[in-house]
Amino acid sequence: MAVDWEPLWEEFIEKARVRMEKGAQEYGDLSFSAEPVKLLGEIEEELLDTVNWCAILAIRLRKLESLLKDGD
């Protein structure tokens with residue numbers, strides 16, 4: 001099955017643009033003049049959050065999978 005990915009990509013890029021605008025409104029353009037080490041710290045925090053959200057979703061999916069198997 002072919003996936004029509006282009007509209008999804010455009011939606012993703014639009015969300016990124018809106019998020020960038022929101023950040024600019026909230027914080028100004030401070031990120032563009034922040035020390036690179038500070039930005040790396042911010043990225044690391046976001047990556048840790050992402051990993052944790054993935055783990056939570058994986059656990060919830062395993063529980064759901066277990067419930068579905070028990071229902072067979």
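Begin by selecting Phe12, which is exposed, with a relative accessible area of 52%. The model in the viewer is a predicted one.

A search of the whole structure finds one aromatic pair. The ring centres of Trp9 and Phe12 are 5.9 Å apart and the planes stand at 25 degrees, so the pair is stacked.

Remain in helix 1 and select Lys15 together with Glu11. These two residues form a salt bridge, with the closest N and O atoms 3.5 Å apart. They are four residues apart in the helix, and therefore about one helical turn separates them. Lys15 is exposed, at 54% relative accessibility, whereas Glu11 is partly exposed, at 43%.

Now select Arg17 and Glu14. Their salt bridge has its closest N and O atoms 2.5 Å apart.

Proceed to Lys22 and Glu26, whose side chains meet in a salt bridge of 4.0 Å from N to O. Both are partly exposed: Lys22 has a relative accessible area of 44%, and Glu26 has 47%. The count of salt bridges comes to five.

Finally, move to helix 2 (residues 36-70) and select Glu46, which lies in it. Glu46 is partly exposed, with 46% relative accessibility. Select Glu44, Glu45 and Asp49 as well: with Glu46, they gather in a patch of negative charge on the surface.

How values were computed: Residues numbered from 1 in each chain as written. Predicted model: local features only at pLDDT ≥ 70, side-chain atom pairs only at ≥ 80, totals over all residues. Heavy atoms only, no water. Patch = residues over 30% accessible without salt bridge, like charges linked within 9 Å, V, L, I, M, F, W, Y side chains within 5 Å. Areas by Shrake-Rupley, 256 points an atom, 1.4 Å probe, with all protein chains shown as cover. Lys, Arg positive; Asp, Glu negative; His and termini not counted. Charge placed at Lys NZ, Arg CZ, Asp CG, Glu CD. Helix = DSSP H or I, 4+ residues; strand = E, 2+ residues; numbered from the N terminus. Buried < 20%, exposed > 50% of the residue type's maximum accessible area, 1.4 Å probe, protein only. Phe/Tyr/Trp six-rings, centres within 6.5 Å; stacked < 30°, edge-to-face > 60°.
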